[in-house]
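Dear colleague,

I am passing on the structure we spoke about, and my notes on it follow below. Please read them with the coordinates open.

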Amino acid sequence: MSLVRLNIKGISYSQTQSGAYALVLSEVEGSRTLPIVIGAFEAQSIAIALEKEIKPPRPLTHDLFKSFADRFQITIKQVIIHKLVDGVFYSSLICERDHIEEIIDTRTSDAIALATRFNAPIFTYENILDKAGIYLKIKDELSPEKEDKDIEKLIEKPKKEASYSKDTLKQLNDKLDQAVLNEDYELAAKLRDEINKRTS
């Protein structure tokens with residue numbers, strides 16, 4: 001299975017889970033995005049790492065891990081999102097010390113928070129993108145000036161959770177296309193899951 005490199009596109013407020021956020025990863029050489037629901041603490045930690053000017057008064061957990069790893073000369077070479085089961089993504093940290101590689105199991109949100117601090121590349125497998133990825137319809141949405149990672153600007157007001165039981169498959173696909181056009185990736189992920197549930 002071939003690996004696909006991903007970049008962090010942004011973070012938005014989750015519409016379906018209170019206090020949660022949608023982390024949106026985008027394919028480096030392609031138009032697919034991978035929305036992943038993460039907790040508020042991890043969203044804040046990732047946003048702080050992306051905003052280089054923001055320095056918390058005390059180290060966050062992921063900053064502590066980075067300091068610990070630096071002290072003992074451990075580097076994170078890459079992060080691989082390697083499995084998707086029942087909507088939950090599983091990841092691994094590929095670490096190295098004294099030219100010896102180790103693989104450590106981790107939550108995807110923690111893996112991304114650490115990858116931002118170690119400047120480590122993020123990868124997933126083609127089959128995971130095929131299953132959970134969402135295609136961007138507008139190419140210029142990926143231009144750098146659109147990728148403002150300031151979390152204050154990315155947070156949206158929470159919306160009421162919608163029920164899709166009365167929608168036809170065609171209506172769901174139309175709503176999915178609209179959600180992607182609106183860059184509403186968390187809603188798009190929910191619609192994608194509903195479509196997959198009906199077609200599997």
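In helix 1, Glu42, Ser45, Ile46, Ala49 and Leu50 meet Ser109, Asp110, Ile112, Ala113, Thr116 and Arg117 of helix 3, where contact means heavy atoms within 4.5 Å and helices (H or I, at least four residues) and strands (E, at least two) are DSSP runs numbered from the N terminus. This is a predicted model, in which local features need pLDDT of at least 70 and side-chain atom pairs count only at pLDDT 80 or more, while totals for chains, interfaces and linings use all residues. Residues are numbered from 1 along each chain as its sequence is written, and side-chain values use heavy atoms, with hydrogens and water left out.

The axes of these two helices, helix 1 and helix 3, come within 9 Å and cross at roughly 15° (lines fitted to C-alpha atoms over the stretch in contact, with angles from 0 to 180 degrees between N-to-C directions). Helix 1 and helix 3 are therefore roughly parallel to each other, a term that covers angles under 35 degrees.

Leaving aside neighbours within four places in sequence, Leu23 is in contact with residues including Leu34, Ile46 and Ile112.

Strand 5 and strand 6 pair in the antiparallel sense over eight bridges (pairing requires at least two DSSP bridges), and Ile94 has Ile103 in strand 6 as its bridge partner.

Best regards

Conventions: Angles under 35 degrees count as roughly parallel, over 145 as roughly antiparallel, 65 to 115 as roughly perpendicular and the rest as oblique.
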